[in-house]
Amino acid sequence: MDPVQLTGPRLTIREFHHVPRDIDALHAIFGDPETARYLPFEPRDREDCADQVALYLEEAERDPRTVYRLAVTITAEGEDAVPIGNAVLGIEGAESQRAAFIGYALRRDTWGFGYATEIARLLCGFGFGTLGLHRLAARLDPENLASARVLRKVGFQLEGRIRHDLFLRGRWYDALQYSLLEDEWLDRPGG
Ligand SMILES: CC(C)(COP(=O)(O)OP(=O)(O)OC[C@H]1O[C@@H](n2cnc3c(N)ncnc32)[C@H](O)[C@@H]1OP(=O)(O)O)[C@@H](O)C(=O)NCCC(=O)NCCS
């Protein structure tokens, strides 16, 4: 595996490590009911988070690699920084489609600083640049207004509503699907 490291103005996106620091950090994100409210799973306990990190590392070793589940840190906090978020890019469909989905989640005390926008831009740069993809998509709960705003800021366009996309907590949830194409990313203002 070639470890991924993406660096933006304030954030670094790197591989997870199966160490207490990263497992606790993921638990601080996925274990928080308010953060998990718009995620497609119930809040996760620490053991689940440890299993998740193990899975991410296993996925990272697959050849070809189709899923990148990565940790987000604040660059100024140095190499041993505790992750404040996670970022995901997953290849979808046949290789010739050059398509993937992206997602992200941040620890609650780090919301509102523009970090998700930076993460989304870094994932776009990685997807369209390094991986040579043609299309990136993201799905979100229609009530997740902050996440929709992030995608629109980065240039994603709304494609439509997917009805009953997810069954969780005893009910169906619709999703909104957004996408961004390679040319739109390359032609973005200031790009
Ligand atoms: C959604 C999430 C990633 C946003 O992270 P963030 O770092 O706070 O996002 P940013 O600061 O980059 O941008 C958020 C934007 O949404 C806006 N916003 C925040 N709450 C909002 C709300 N309730 N309604 C409308 N807009 C809202 C902010 O003002 C900001 O827009 P602006 O820059 O034009 O002012 C974060 O809240 C999170 O991790 N939530 C839980 C997990 C999740 O929902 N992940 C996404 C799954 S699709």
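This note walks through a predicted model, point by point.

1. Ground rules. Residue numbers start from 1 along each chain, following the sequence as written. The model is predicted, and local features need pLDDT of at least 70, side-chain atom pairs count only at pLDDT 80 or more, and totals for chains, interfaces and linings use all residues. Helices (H or I, at least four residues) and strands (E, at least two) are DSSP runs, numbered from the N terminus.

2. The sheet. Eight strands form an open sheet with mixed pairing, in the order S1-S2-S3-S4-S5-S6-S8-S7. Strand S1 (5-7) and S7 are the edge strands; each has a single partner strand, so one side of each has no neighbour in the sheet. From one strand to the next, the twist averages 25°. Strands count as paired if DSSP finds at least two bridges between them.

3. Strand pairs. S3 and S4 are antiparallel, with six bridges. Tyr68 has Leu89 in S4 as its bridge partner. S4 and S5 also run antiparallel, joined by eight bridges. Here Gly85 stands opposite Leu106 in S5. These two strands form a hairpin with six residues between them, and Gly93 in the turn has a positive phi of about 75°. S5 and strand S6 (residues 135-140) pair in the parallel sense over three bridges.

4. Helix H1. H1 packs on the sheet and touches S3, S4 and S5, and its direction makes about 85° with that of S4. Such angles run from 0 to 180 degrees between N-to-C directions, and axes are lines fitted to C-alpha atoms, for helices over the stretch in contact. Contact means C-beta atoms, placed from the backbone, within 7 Å. The buried residues of helix H1 (residues 20-30) are Asp22, Ile23, Ala25, Leu26, His27, Ile29 and Phe30. Their cover includes helix H2 (33-36), H3, S3, strand S4 (85-92) and S5. Buried means 20 or more other C-beta atoms within 10 Å of a residue's own, exposed means 12 or fewer, and partly exposed lies in between, with C-beta atoms placed from the backbone.

5. The core. The largest nonpolar core has 45 residues, of which Ile13, Ile119, Ala120, Leu123 and Cys124 touch the most other members. H4 gives the largest share of this core, nine residues. A core is a set of buried Ala, Val, Leu, Ile, Met, Phe, Trp, Tyr and Cys residues joined through C-beta atoms within 7 Å. Beyond neighbours within four places in sequence, Ile119 is in contact with Leu11, Ile13, Val72, Gly85, Ala87 and Tyr104.

6. The ligand. There are 21 residues around the ligand, and Ala116, Thr117, Leu145, Ala146 and Arg149 come nearest. A residue is near if its C-beta atom, placed from the backbone, lies within 6 Å. Strand S5 (99-106), helix H4 (115-130) and helix H5 (145-154) each supply at least two residues of this shell. H5 gives the most, with five residues.

7. Backbone points to check. A cis peptide bond joins Asp63 and Pro64, with omega about 5°. Pro64 sits in the loop between helix H3 (46-61) and strand S3 (67-74). His164 is exposed, with 10 other C-beta atoms within 10 Å. Arg169, not a glycine either, also has a positive phi of about 50°. Arg169 lies in the loop between S7 and strand S8 (171-181). Arg169 is exposed, with 7 other C-beta atoms within 10 Å.

Conventions: Contact = placed C-beta atoms within 7 Å.
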